[in-house]
Amino acid sequence: MSKQRVIVIGGGLAGLAATMKIAEQGMQVLLVSFLPVKRSHSVCAQGGINGAVNIKGEGDSPDIHFYDTVKGGDFLGHQPLCKDMCYNGPFVIHLMDRLGVTFNRTPEGNLDFRRFGGTLHHRTAFAGATTGQQLLYALDEQVRRLEVEGIVEKMEWHEYLGAILNDEGRCVGAVIHNLRSGEIVSERGDAVVLATGGPGLVYGRSTNSAVCTGTATTSAYLQGAKYGNGEFIQIHPSAIPGHDKLRLMSESARGEGGRVWVPRKPGDNRPPKQIPDNERYYFLEERYPLFGNLVPRDVGSREIYDVCINGGLGVGGENKVYLDLTHHSREHLNRRLGGILEIYEKFTGVDPRENPMEIFPAVHYSMGGIWTDYERTEEGLINHESPRNQSTSLTGLYAAGEADYQYHGANRLGANSLLSCIYTGLMMGPGVVNYVKNVDQAAEDIPSSVFEKAVQEKKERFDQIKAMKGKENPYALHHELGELMIANVLIVRENDKLEKTLDVINEYEERWNNVECVDTQVWTNPVPSYINQLYNMIQLSKIITKGAMLRNEFRGAHYKPEFDLNQPKDFKPETYLEYYEQKQNGKVNEDSFTPEHMEYMKRFEANNDKWLKSSIAQFKNGQPDITYEEVDTSLVTPRPRKYD
Amino acid sequence: MAEKTITIQIKRQDSRDSSSYWQTFEIPYKPNSNVISCLMDIRRNPVTKEGKQVPPVIWECNCLEEVCGACTMVINGRVRQSCSALIDTLAQPVRLQPMSKFPVVRDLAVDRSRMFENLKKVKAWMQVDGYHDLGPGAKVPETNQGIAYKLSECMTCGCCMEACPQFSLNNNFIGAAPISQARLFNMNPVGKFIAEQRLQPLMEAGGIGDCGNAQNCVEACPKSIPLTESIAEMSKQVSVQMFKNIFQKRS
Ligand SMILES: Cc1cc2nc3c(=O)[nH]c(=O)nc-3n(C[C@H](O)[C@H](O)[C@H](O)COP(=O)(O)OP(=O)(O)OC[C@H]3O[C@@H](n4cnc5c(N)ncnc54)[C@H](O)[C@@H]3O)c2cc1C
Ligand code: SF4
């Protein structure tokens, strides 16, 4: 058989890890990225990466990490994958340490760990305030080394436009767009891995980087691949409003005593420091006396939204609230929070040690993504040799990182994403290589007509785009799409609004036909690409919106007040486990529970029977067709979560 | 009263070899704008001050948080990232130019591949045996971690090279950033095993000997990386290595 190779699209943490692991097995890799891989979105992560190394002797273990992960995800995560990921957490962190990541240390020279949301353990390794950047650099360096060794070839400033499928529908290469020369060419590959990150830009502005459009995964969906759990979008409670981006303000600001408030009087325009304490509404502290400002992410986001949108109390009549640290001394703040306060000052020009910060929730992360498969073992772990791992529903097309859908369920735990990205990249390596070695015909030996046809299709599409002479500016249309999504498909979801939003998105699809290709130069012209990406973002916004509309429940980040199960205030999750055990044993003694609890548990079960399923979108007749698939919850019994 | 506006002058160039020209844009003032948000506004309505419809301006950007290094350009004469350049702190008209030490691709976008190639020369990576489970890494004292962390924040942005009088389009000086990276790996408990290999390219033409000690690099670095300290340290390592080389040849 001719020489074979794998094409990896995207050089964030997931793509670089996959490249390394595949190349290590002697398989040639072509790595394609929009921009130099060292500038990928993964650099943004500040907080850290999880792994139950138990350095602090707290009795932490991969099993507890696993439990926290599936509970955090409201039980929508695929448990064997979550378990295997958590079991590999310590390995991933040790590997990254060996690769030179400058993790913070303890006095003994061990790795230091901090606490993060959703757990009681110090499980998060970190490197200053730039953990993602440091992790990415370590992998980037390894890939550069492999490049010098000749086993990896890089194509930066190139865009993936679509998979090339042979007559049986197997992926045998990719159509690639040179972003400088404008040429569209085919690259042969015996497997293609999409490690193209998340889709925050569907919302216009988010905490994501400028290239996070989700265009690659959407193009796979348009080619027939399944897309999973699209409606699950994590909203971070505290971001700094900005015209270009909503920059993250780390949870640690609240961890160190930051207080969230708004003026009690709507439209009170006095400078914050002139508003006396009794005229300030510390709404999180008043509404959640126990947790106060440190309520979980989803609760925090919902309350801020409520105060601004329903209460009309946003600062200056706008959608923002104060996050106030000014009751602490400068010295204290610099010592505890220096790095993140500098970020605030750098980007707003306001000193947060003197003035309260202004924040509002923002789109942060997509739990959903392209559907991928896996093969579990008896013990509920993953068989790392299996070619099914991380395979999309198109044979030969794989996905990893934020681009996939099955690790974080309905809500991601902080610091679990960096882990899932590196873990999936490494884990899938052996299986991809096994797949490639067993294909019946190498991509190299497939008739060139297959490739020419695929290239021709994309060339025609781009020729049409370049000839577009309509009246709409594509950047302005994108702006409108983003504002629409932020207004209607964000924190609180209501069916009538979602239905109207879908209609408007369909209108945008019409209006897309009327955009103008505002730049016609051939050399380094991003506009045609952008117009194509905008089309894909419109399609993806439909997956998100329709998925949200159809899912009539409240799970994790997907909040629909109409379908809240109204957990009784005095209910404890253990009560449910008792009930569940009785049920497993064949008979429930209903008298051992209060009627109110009994009713609630029945509601909970009926809801899970109906909705504890992945939503799967497939492109049919120009619209997403949504069906539901079982989730493997065989290892930890799904149970009610408690929020206070 | 006339509405408040922001005036931006941009040096444009259609391709590598074509000549450059200036265009002026005037956009409505928004509080808390930065250079990138203005470029985005222009992109949504690419019309010059004179009312001429033009193609949107090309620039590079990604993270918008000053950690990816992409959006570097010369703003009012100073090289820096455009995401963290706040309009309220800049004199108007705001003048944007591409970096001059790298070939222009188009408008404000330049080709910095030379920087990535130089990282290959100094073997800026760890020479690990494999990506399988080999247990924990070496212990590292907190103080070393502190220095190493600072060095590893380098985002290959190019500010230090733009500011350097020795680094030019037509020579092969390696520049401050890769020298500092060589220091980072040479101080790692395992990285130092191949320290000599990292010193070799620094001894050659375009190596550390070409540094003129102007110290502009450290001033220009947005991450406050102690570049002059790194250069001094690597000069020392290079001198020792040269001495060793001579000695080895003789014996
Ligand atoms: C502000 C912020 C802070 C965060 N903090 C944390 C944290 O502390 N801990 C944590 O665990 N997670 C955190 N996250 C989440 C985490 O950073 C991301 O989920 C993760 O980095 C995604 O990595 P990735 O490899 O999947 O993709 P990315 O890093 O987004 O890389 C995608 C790659 O694909 C390329 N690409 C995309 N489309 C194409 C195309 N069509 N053609 C060619 N190339 C393409 C891009 O160039 C890029 O190289 C944070 C996220 C944000 C936004
Ligand atoms: S050393 Fe500083 S200025 Fe030079 S490339 Fe690195 S971050 Fe930029």
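Predicted model: local features only at pLDDT ≥ 70, side-chain atom pairs only at ≥ 80, totals over all residues.
## Sheet in chain B

Chain B holds an open sheet of 5 strands, with mixed pairing and the order β2-β1-β5-β3-β4. Its edge strands are β2 (20–28) and β4 (78–81) of chain B, each of which pairs on one side only. On average, neighbouring strands of this sheet are turned by 30° against each other, direction ignored.

Strands of a sheet pair through backbone hydrogen bonds, either parallel or antiparallel. For strand β3 (residues 72–75) of chain B and β4(B), the sense is antiparallel, and the pairing runs over 4 bridges. Within this pairing, B:M73 has B:R80 in β4(B) as its bridge partner.

## Salt bridges

Over all chains, the count comes to 59 salt bridges, taking a cut-off of 4 Å between a side-chain nitrogen of Lys or Arg and a carboxyl oxygen of Asp or Glu. One of them joins the side chains of A:D440 and A:R170, at 4.0 Å from N to O. A:D440 lies in the loop between α11 (417–437) and α12 (448–466) of chain A, and A:R170 in the loop between β7 (158–165) and β8 (171–178) of chain A, so this pair ties together parts that are 270 residues apart in sequence.

## Negative patch in chain A

A patch of negative charge on the surface is formed by A:E494, A:D496, A:E499, A:D503, A:E507, A:E510 and A:E562. Among these residues, A:E499 is placed in helix α14 (residues 495–512) of chain A. Residues in such a patch have over 30% relative accessible area and no salt bridge.

Note on methods: Residues numbered from 1 in each chain as written. Chains lettered and ligands numbered in written order. Heavy atoms only, no water. Patch = residues over 30% accessible without salt bridge, like charges linked within 9 Å, V, L, I, M, F, W, Y side chains within 5 Å. Areas by Shrake-Rupley, 256 points an atom, 1.4 Å probe, with all protein chains shown as cover. Lys, Arg positive; Asp, Glu negative; His and termini not counted. Charge placed at Lys NZ, Arg CZ, Asp CG, Glu CD. Helix = DSSP H or I, 4+ residues; strand = E, 2+ residues; numbered from the N terminus. Pairing = 2+ DSSP bridges. Axes fitted to C-alpha atoms, helices over the stretch in contact; angles between N-to-C directions.
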